Amino acid sequence: MKTNNLRLTTIALGLLTSFAMSISFSPASAHDMAAMSDSGAPNAMGAHMDMSAHLVMTPTRAATPADIERANYIVDTLRRALQPYRDYRVALARGYQIFLPNIPQEVYHFTDYTAAGQEYQGRFDPARPGSILYTRGTDGNYVLVGAMYSAPPDDTPDQLDQLIPLSVCHWHAHVNICLPQGITLEDLLRGDVGADRADMPGMIPVAANPQAAEINRKAGFLADGRFGFAGKIADAATCQNAGGHFLPMAFGWMVHVYPFNGDDLKVAYGMDVPKSPAH
């Protein structure tokens, strides 16, 4: 167990909205759209998270005055802590790294692996989130929208409730993930989606349409929508038959907080990514 926790510390992220790899390419035909997600983006998770075969969430509890006080304290603390990072270049200069920077996403996770590792070891600091969340403006620059905290994978609901109350937020975890053989979580943290390997499972057959090669070059194993954090495969047997390896749980618990859109806690701790006032 200690080895597993150490590995989680090394790879800790706040991915994929959460972790989510919402990739936007123009599908070449209706046939290819059927192999992709409903949004027309391979393996897209989008800007809204729901319970699914790949995403579990904590149940909602009844709110107490103490919950509301703590929730507001975290929002206020985060607003102050994130001010220097309105310029995303400050985050990069201070050691935050962009998860899959070359893959178009609705939310980009800039992660401080030291801080994220401490969160996965159970050390929670509201003023130092493991990941900072950005959207991308029409000018190509990153726009600050919030942050993500993480917690150990074996934390109980009561333990998560002590960090951020379950009455105001839904902690979530990524489960039942199938990655192709030859691709690890560590590869993803380095931005490697196997795009340079022609035989990588998950790529669209080049004969399928003229744009397949370009989609494969950008998306790698995410291209045909079977693999990854929002892929169609969600069980071990199907994963193995497709040439993959199965992860019952990819990381630990995660929660997004969006502190810049007023004082409504339903927005600050909501499952939708709000537009930053900077837009």
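Guide: A polar contact is a pair of N or O atoms within 3.5 Å; within protein, one must be able to donate a hydrogen and the other to accept it, and residues adjacent in sequence count only if both atoms are side-chain atoms. Here the side chain of aspartate 224 makes such a contact with the side chain of arginine 226, at 2.8 Å.

Visitor: What kind of model is this, and how are its residues numbered?

Guide: It is a predicted model, in which local features need pLDDT of at least 70, side-chain atom pairs count only at pLDDT 80 or more, and totals for chains, interfaces and linings use all residues. Residues are numbered from 1 along each chain as its sequence is written, and side-chain values use heavy atoms, with hydrogens and water left out.

Visitor: What is pLDDT, and which helix has the lowest mean value?

Guide: pLDDT is the predictor's confidence in each residue, from 0 to 100. The protein chain averages 82, and 80% of the residues score at least 70. Among the elements of the chain, helix 2 (residues 30-34) has the lowest mean, 29, while helix 3 (residues 65-82) has the highest, 98. Over residues 1-47 the pLDDT stays under 50. For that stretch the model has 147 contacts beyond four places in sequence, a contact being heavy atoms within 4.5 Å.

Visitor: How many helices and strands does the chain have?

Guide: Helices (H or I, at least four residues) and strands (E, at least two) are DSSP runs, numbered from the N terminus. The protein chain has 10 helices and eight strands. Of its contacts with a separation of 6 or more, 69% join residues 24 or more positions apart.

Visitor: Where does aspartate 224 lie, and is it buried or exposed?

Guide: Buried means under 20% relative accessible area, exposed over 50%, and partly exposed in between (1.4 Å probe, protein chains only). Aspartate 224 lies in the loop between helix 8 and helix 9, and its 11% relative accessibility makes it buried. Glycine 231 is found in the loop between helix 8 and helix 9, and counts as buried at 6%. For the chain of 279 residues, buried residues make up 54%.

Visitor: How many aromatic pairs are there?

Guide: Rings of Phe, Tyr and Trp (its six-membered ring) pair if their centres lie within 6.5 Å; planes under 30 degrees apart count as stacked, over 60 as edge-to-face and the rest as tilted. By this rule there are eight aromatic pairs. The rings of tyrosine 108 and tyrosine 142 have centres 5.2 Å apart and planes at 80°, so this pair is edge-to-face. The pair links distant parts of the chain, since tyrosine 108 is in strand 3 (residues 108-111) and tyrosine 142 in strand 5 (residues 142-151), 34 residues apart. Tyrosine 108 is buried at 4% relative accessibility, and tyrosine 142 is buried at 8%.

Visitor: How far apart are the centres of phenylalanine 229 and phenylalanine 251?

Guide: Those two rings form a stacked aromatic pair, 6.1 Å centre to centre, with 10° between the planes. Phenylalanine 229 lies in the loop between helix 8 (212-219) and helix 9 (236-241), and phenylalanine 251 in the loop between strand 7 (244-249) and strand 8 (253-257), so the pair ties together parts 22 residues apart in sequence. Phenylalanine 229 is buried at 1%, and phenylalanine 251 is buried at 2%.

Visitor: Which residues form one aromatic cluster?

Guide: Tyr88, Tyr108, Phe110, Tyr134 and Tyr142 do.

Visitor: Which arginine lies over the face of tyrosine 108?

Guide: A charge sits over a ring if NZ of Lys or CZ of Arg is within 6 Å of the ring centre and within 35 degrees of the ring normal. Arginine 136 lies over the face of tyrosine 108, at 5.8 Å from the ring centre. Arginine 86 lies over the face of phenylalanine 260, at 4.4 Å from the ring centre.

Visitor: Where does leucine 100 lie, and what is its phi?

Guide: Leucine 100 is in the loop between strand 2 (97-98) and strand 3. Its phi is near 45°, a positive value in a residue other than glycine, and at 2% relative accessibility leucine 100 is buried. Asparagine 176, which is not a glycine, has a positive phi of about 55°. Asparagine 176 lies in strand 6 (residues 172-180) and is partly exposed at 24%.
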